[in-house]
Amino acid sequence: MEKKQSVIGIGEALFDMLPSGKKLGGAPANFAYHVSQFGLDSWAVSAMGDDELGKELEKELDDHHLNYEIEKIDYPTGTVQVTLDANGIPCYDIKEGAAWDNIPYTPALDRLAKNCTAVCYGSLAQRNEVSRNTIYRFLDNMPEEKETLKIFDINLRQGFYNKEIITESIKRCNILKINDEELITISRLFGYPGIDLENKCWLLLGKYNLKMLILTCGVNGSYVFTSGEISFIETPRVEVADTVGAGDSFTGAFVASILKGKSVREAHELAVKVSAYVCTQHGVMPVLPEEYTR
């Protein structure tokens, strides 16, 4: 592989079993797909089974013109049963013992790590030690340049997290992305539940020496905290089809914009527009309008 800068989503690659049918999913693949729409070299990194669902997963990734480094291993391809409530908010039943729980660290993955400009990872893919260790090795082998972005998009799901995983992951990132409910949960875990959301964010930003902290609050807007500054943008009112993947599209648009030299405010504005658009579409990987990606 020639040396070029790459943006990576590492972790779960799976099928969301939605009421409307089976859809390619998993936050890392969603993130990588949205980054790719901005013309950047992006990759989904995971593992899949040598099974029918694995073949379908490869075909879906190819159909979305997405680069991937996804090892075939002796575990089933991952699935998630997704049900939607009356407001289109998803509820997840995530099957255990999946291929993405056992992502191997390979020479190909090591090459990707050494050429990686930005990586996005979450807590879910760390529920099993094998994938957790692979993610940490990947992060540890990335270039040390100060422009390198390590985004921990916390994505708490079911009971698949603990204080140690959260702490280790925040220590390894320089951008933390979290929603308001997750912030309350980890504030309880870390023992400072009493202070307001904004002060919790400042506390995390300072304690872990983060470049940025992104806080999304659903219909109540979103914030980007950087040293001494806050960007706040209200959430646009749109006709919601479903919200699955909207957060990943926000992260992808934001990171792509920052890498292309936009200011934090400009990146934030675009991320809000993109995620609002994705909420109006069924499925997690719609093609974005050209006005957003050019």
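Biologist: Why are glutamate 168 and arginine 172 separated by about one helical turn?

Modeller: They sit four residues apart in helix α5, so about one turn lies between them. Helices here are DSSP runs of H or I, at least four residues, and strands are runs of E, at least two, both numbered from the N terminus.

Biologist: Where do the coordinates and numbering come from?

Modeller: This is a predicted model: local features need pLDDT of at least 70, side-chain atom pairs count only at pLDDT 80 or more, and totals for chains, interfaces and linings use all residues. Residues are numbered from 1 along each chain as its sequence is written, and side-chain values use heavy atoms, without hydrogens and water.

Biologist: What makes glutamate 168 and arginine 172 a salt bridge?

Modeller: Their closest N and O atoms are 2.6 Å apart. The cut-off is a side-chain nitrogen of Lys or Arg within 4 Å of a carboxyl oxygen of Asp or Glu, so the pair qualifies. The two also belong to a salt-bridge network with Asp140 and Lys171. The structure holds 13 salt bridges.

Biologist: Why is glutamate 168 called partly exposed?

Modeller: Its relative accessibility is 25%. Buried means under 20% relative accessible area, exposed over 50%, partly exposed in between (1.4 Å probe, protein chains only). So glutamate 168 is partly exposed. Arginine 172, at 22%, is partly exposed too.

Biologist: What makes glutamate 52 exposed?

Modeller: A relative accessible area of 54%. Glutamate 52 pairs with lysine 55 in a salt bridge, at 3.2 Å between closest N and O atoms. Both lie in helix α2 (residues 52–63), three residues apart.

Biologist: Which parts of the chain does the pair of lysine 177 and aspartate 153 link?

Modeller: The salt bridge of these side chains spans 3.6 Å, N to O. Lysine 177 is in strand β10 and aspartate 153 in strand β9, 24 residues apart. Both residues are buried.

Biologist: Why is serine 46 called buried?

Modeller: Its relative accessible area is 2%, so serine 46 is buried. It lies in strand β4 (residues 42–49). Its side chain reaches the backbone oxygen of glycine 11 at 2.6 Å and the backbone nitrogen of alanine 13 at 3.1 Å.

Biologist: What makes α5 and α6 roughly perpendicular?

Modeller: Helix α5 (residues 163–172) and helix α6 (residues 180–190) pack at about 105°, axes 10 Å apart. That makes α5 roughly perpendicular to α6 (65 to 115 degrees; under 35 roughly parallel, over 145 roughly antiparallel, the rest oblique). The residues of this contact (heavy atoms within 4.5 Å) divide into five nonpolar, one polar and one charged.

Note on methods:
Axes are lines fitted to C-alpha atoms, for helices over the stretch in contact, and angles run from 0 to 180 degrees between N-to-C directions. Ala, Val, Leu, Ile, Met, Phe, Trp, Tyr, Cys and Pro count as nonpolar, Asp, Glu, Lys and Arg as charged, and the others, Gly among them, as polar. A polar contact is a pair of N or O atoms within 3.5 Å; within protein, one must be able to donate a hydrogen and the other to accept it, and residues adjacent in sequence count only if both atoms are side-chain atoms.
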